[in-house]
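Visitor: I am new to this structure, and I would like a close look at a single part of it. Could you take me to the nonpolar core and tell me what surrounds it?

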Amino acid sequence: AKASASQLAVPPAATRTAVRCASDPHLEAETAVGEDAEAGEMLRSLQDVLDEMGLNSEKGVRELVTLDAEGERMQEIARALAAKLRCTVGEATAMLREWQTSQKKMLETLEQQQTEAATG
């Protein structure tokens with residue numbers, strides 16, 4: 001049996017943030033983050049910002065992972081995140097770049113699993 005999105009491997013003692021897939025509200029993709037409290041706070045704040053901007057959906061995440069980190073839309077998100085975290089826009093942008101990388105990997109894994117499920 002193939003792992004579903006909510007069964008992706010997560011390191012022990014990790015904090016997870018879930019992104020609900022718009023196409024299937026019961027399907028959640030989880031992103032693992034170590035016990036670093038700062039990373040957890042960043043993800044909670046990012047989730048709040050994405051909720052406020054209407055981007056906390058599968059479609060929104062797919063859009064965000066393709067944005068240029070220096071582009072206007074990403075900088076708008078970075079400014080909102082920086083305000084929530086009380087950090088610089090540069091620090092927020094760096095956090096967003098790291099988040100983009102992890103989300104791209106997660107989406108690639110989900111797409112691979114969906115392809116395997118459809119053909120297998």
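Guide: Let's begin with a term: helices (H or I, at least four residues) and strands (E, at least two) are DSSP runs, numbered from the N terminus. By that count, the chain has four helices and two strands, and from the N terminus on its elements run β-β-α-α-α-α. Please keep in mind that this is a predicted model, in which local features need pLDDT of at least 70 and side-chain atom pairs count only at pLDDT 80 or more, while totals for chains, interfaces and linings use all residues. Residues are numbered from 1 along each chain as its sequence is written, and side-chain values use heavy atoms, with hydrogens and water left out.

Buried means under 20% relative accessible area, exposed means over 50%, and partly exposed is in between (1.4 Å probe, protein chains only). A nonpolar core is a set of buried Ala, Val, Leu, Ile, Met, Phe, Trp, Tyr and Cys residues joined through side-chain atoms within 4.5 Å.

Now to the core itself. The largest nonpolar core holds 22 residues, and Met42, Leu46, Ile77, Leu81, Leu96 and Trp99 touch the most other members. Two or more residues come from each of helix H1 (37–52), helix H2 (58–66), helix H3 (72–85) and helix H4 (89–119). H4 gives the largest share, seven residues.

Let's stop at Leu81, which is found in helix H3. Leu81 counts as buried, at 0% relative accessibility. Leaving aside residues up to four places away in sequence, Leu81 is in contact (heavy atoms within 4.5 Å) with Met42, Ser45, Leu46, Val49, Ala92 and Leu96.

Next, look at how H1 meets H4. Met42, Leu43, Leu46 and Leu50 in H1 meet Met95, Leu96 and Trp99 in H4. By class, this contact has seven nonpolar, no polar and no charged residues; here Ala, Val, Leu, Ile, Met, Phe, Trp, Tyr, Cys and Pro count as nonpolar, Asp, Glu, Lys and Arg as charged, and the others, Gly among them, as polar. The two helices pack at an angle of about 85 degrees, with their axes 12 Å apart. Axes are lines fitted to C-alpha atoms, for helices over the stretch in contact, and angles run from 0 to 180 degrees between N-to-C directions. H1 and H4 are therefore roughly perpendicular to each other, a label for angles of 65 to 115 degrees (under 35 is roughly parallel, over 145 roughly antiparallel, the rest oblique).

H2 has two sides to compare. Glu58, Gly60, Val61, Leu64 and Val65 in H2 are buried. Seen down the axis of H2, these residues fall within an arc of 160 degrees, so they line one face of the helix; the arc is that of the directions from the helix axis to the C-beta atoms. Lys59 and Thr66 are exposed, on the face of H2 turned away from its buried side.

Two loops complete the visit. Asn56 is in the loop between H1 and H2 and is partly exposed, with a relative accessible area of 22%. Arg86, in the loop between H3 and H4, is exposed at 78%, and Arg86 has a positive phi of about 55 degrees although it is not a glycine.
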